Amino acid sequence: MSNIYIAGIAMTVFRSGEACFVEDMGHDPAANPQARPFFHAFACLPIRCRDATFGLIFVNYGEPHRFSPAERNILRTFANQTAIALDNARLRRAEQQRSAA
C-alpha cells in the first residue's frame with residue numbers, strides 16, 4: 001500500500017481540519033496504484049476540538065463508493081462527537097488530578 005499517498009492526505013486533513021472523501025482511487029490522479037488492492041474508496045476526517053486537530057478517523061471501502069451527503073454528515077457528526085468525548089475525558093482527568101493534589 002502506498003503510505004506516501006495516504007500520509008499525504010492524512011497530513012493535509014490534519015493541517016487543514018477539512019475532511020477528504022475519495023470515492024474511487026482509480027479516478028484519482030494522485031492515487032498510487034499500489035494502494036488499490038487494499039481499498040478503493042475512503043474518507044479521512046479530522047478529530048477537532050478547540051480549534052486544534054488531535055486525531056483522524058479513516059473509513060475504507062474495498063470497492064469504489066459514493067459518499068452521499070447524508071453519509072458525509074453522519075461521518076462528520078461521528079468525528080465531532082468523538083472529539084467532544086475525548087476532550088471531556090481530558091478535562092475530567094485534569095480535574096481529577098487537581099482534586100488529588
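**Aspartate 87**

I looked up aspartate 87 and found that, at 8% relative accessibility, it counts as buried (buried is under 20% relative accessible area, exposed is over 50%, and partly exposed lies in between, with a 1.4 Å probe and protein chains only). I place aspartate 87 in helix α2, which runs over residues 69-100 (helices are DSSP runs of H or I with at least four residues, strands are runs of E with at least two, and both are numbered from the N terminus). Leaving aside its neighbours within four places in sequence, I find aspartate 87 in contact with Cys49 and Arg50, where contact means heavy atoms within 4.5 Å.

I note here that this is a predicted model, in which local features need pLDDT of at least 70 and side-chain atom pairs count only at pLDDT 80 or more, while totals for chains, interfaces and linings use all residues. Residues are numbered from 1 along each chain as its sequence is written, and side-chain values use heavy atoms, with hydrogens and water left out.

**Salt bridges**

I looked up the salt bridges next, and the structure holds four of them (a side-chain nitrogen of Lys or Arg within 4 Å of a carboxyl oxygen of Asp or Glu). Arginine 50 forms one with aspartate 87, the closest N and O atoms being 2.8 Å apart. Because arginine 50 lies in the loop between β2 and β3 while aspartate 87 is in helix α2, this pair ties together parts that are 37 residues apart in sequence.

Glutamate 23 pairs with arginine 72, with the closest N and O atoms 3.0 Å apart. This pair also links distant parts of the chain, since glutamate 23 sits in the loop between β1 (20-22) and β2 and arginine 72 in helix α2, 49 residues apart. Glutamate 23 is partly exposed at 28% relative accessible area, and arginine 72 is partly exposed at 24%.

Arginine 98 forms a salt bridge with glutamate 95, at 2.9 Å between the closest N and O atoms, and both lie in helix α2, three residues apart, about one turn of the helix.

**Glutamate 71**

Not counting residues up to four places away in sequence, glutamate 71 touches Tyr61, His65 and Arg66.

I then looked up the largest nonpolar core, which has 10 residues in all, among them Phe21, Leu45, Phe67 and Leu75 (a core is a set of buried Ala, Val, Leu, Ile, Met, Phe, Trp, Tyr and Cys residues joined through side-chain atoms within 4.5 Å). The elements giving two or more residues to this core are β2 (41-49) and α2, and β2 supplies the largest share, four residues. A second, separate core of seven residues includes Ile9, Val13, Met25 and Cys44.

My last entry is leucine 56, which lies in strand β3 (residues 52-61) and is partly exposed, with a relative accessible area of 27%. Beyond four places in sequence, leucine 56 is in contact with residues including Val13, Cys44 and Leu45.
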